Amino acid sequence: MIFNARRLSAEELAAVLADPEKVGTLFQGGPDELDLDKAWHGLHYLLTGDTYEIRGDVGPAILGGDPIGPDLGMGPARLLTSDVVRAVAAALGTLDEATLRDRYDPAALSDAEIYPHIWDDGDDEFDNYLLPHFTALRDFYRTAAERGEAVLLAVT
């Protein structure tokens, strides 16, 4: 299971709302997309303290949004409006490496069965996997918020 997100211009958003079946065709790679690989679940856990619950303004960053379009493998994509994107970006902007490092507990991630079940390697997984993907996530939402864009999320 991998996570992808796609920033949507106003025109793309209108097209998706008019024909939700087009959602799957938008995930083609490129500068408007973010690929978190399998780090999505670990990041969600660090951001929210929960396995699947969406908590606070940062909660929708990975698992939030309203379902839209066909099943893409693990359910339909989910759409975050530009207002939600701005709130997520602001919340992500308040988090830094030290905060996330304090939240990182490999044993807790393993006990919570956080995908992809690699947490026994300790701090290496934080430094080399979660932190770079968090930085990419924060930058992705910052750009989307600055441009007033909506975001599509998908776990496939």
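The mean pLDDT of this predicted protein model is 95, and 100% of its residues reach 70 or more; pLDDT is the predictor's confidence in each residue, on a scale from 0 to 100. Among the elements of the protein, helix H4 has the highest mean pLDDT (98), while helix H6 (residues 106-111) has the lowest (94). Helices (H or I, at least four residues) and strands (E, at least two) are DSSP runs, numbered from the N terminus. Because the model is predicted, local features need pLDDT of at least 70 and side-chain atom pairs count only at pLDDT 80 or more, whereas totals for chains, interfaces and linings use all residues. Residues are numbered from 1 along each chain as its sequence is written, and side-chain values use heavy atoms, with hydrogens and water left out.

Five strands make up an open sheet in the order E2-E1-E5-E4-E3, with antiparallel pairing; two strands pair if DSSP finds at least two bridges between them. Strand E2 (33-37) and strand E3 (66-71) stand at the edges with a single partner strand each, so one side of each is left without a neighbour in the sheet. From one strand to the next, the twist averages 20°.

Two of the pairings can be followed residue by residue. Strand E1 (residues 3-8) pairs with E2 in the antiparallel sense over four bridges, and Ala5 stands opposite Leu34 in E2. Strands E3 and E4 also run antiparallel and are joined by four bridges, with Ile68 opposite Ala77 in E4. Four residues lie between the strands in the hairpin of E3 and E4, where Gly73 takes a positive phi near 130°. Strand E2 holds Asp37, which has a positive phi of about 55° although it is not a glycine.

The helices come next. Helix H4 lies across strand E4 (76-80) and strand E5 (150-155), running at about 80° to E4. Helix H7 packs on the sheet as well, touching E1, E2, E4 and E5, and its direction makes about 160° with that of E2. Axes are lines fitted to C-alpha atoms, for helices over the stretch in contact, and angles run from 0 to 180 degrees between N-to-C directions; contact means heavy atoms within 4.5 Å.

How do two helices meet? Two packed helices are described by the angle between their axes and the distance between the axes. Helix H4 (residues 82-93) and helix H7 (residues 123-147) pack at about 135°, with axes 8 Å apart. H4 and H7 are therefore oblique to each other: angles under 35 degrees count as roughly parallel, over 145 as roughly antiparallel, 65 to 115 as roughly perpendicular and the rest as oblique. On the H4 side, the residues in contact are Val85, Arg86, Val88, Ala89, Leu92 and Gly93, and these meet Phe134, Leu137, Arg138, Tyr141, Arg142, Ala144 and Ala145 in H7. By class, this contact has nine nonpolar, one polar and three charged residues; Ala, Val, Leu, Ile, Met, Phe, Trp, Tyr, Cys and Pro count as nonpolar, Asp, Glu, Lys and Arg as charged, and the others, Gly among them, as polar.

Helix H2 (residues 40-48) also packs against H7, at an angle of about 75° and with the axes 10 Å apart. That makes H2 roughly perpendicular to H7. Gly42, Leu43, Leu46 and Leu47 of H2 make the contact with Phe126, Leu130, His133, Phe134 and Leu137 of H7. The residues of this contact divide into seven nonpolar, two polar and no charged.

Finally, a cis peptide bond joins Tyr115 and Pro116, with omega about 10°. Pro116 is found in the loop between H6 and H7.
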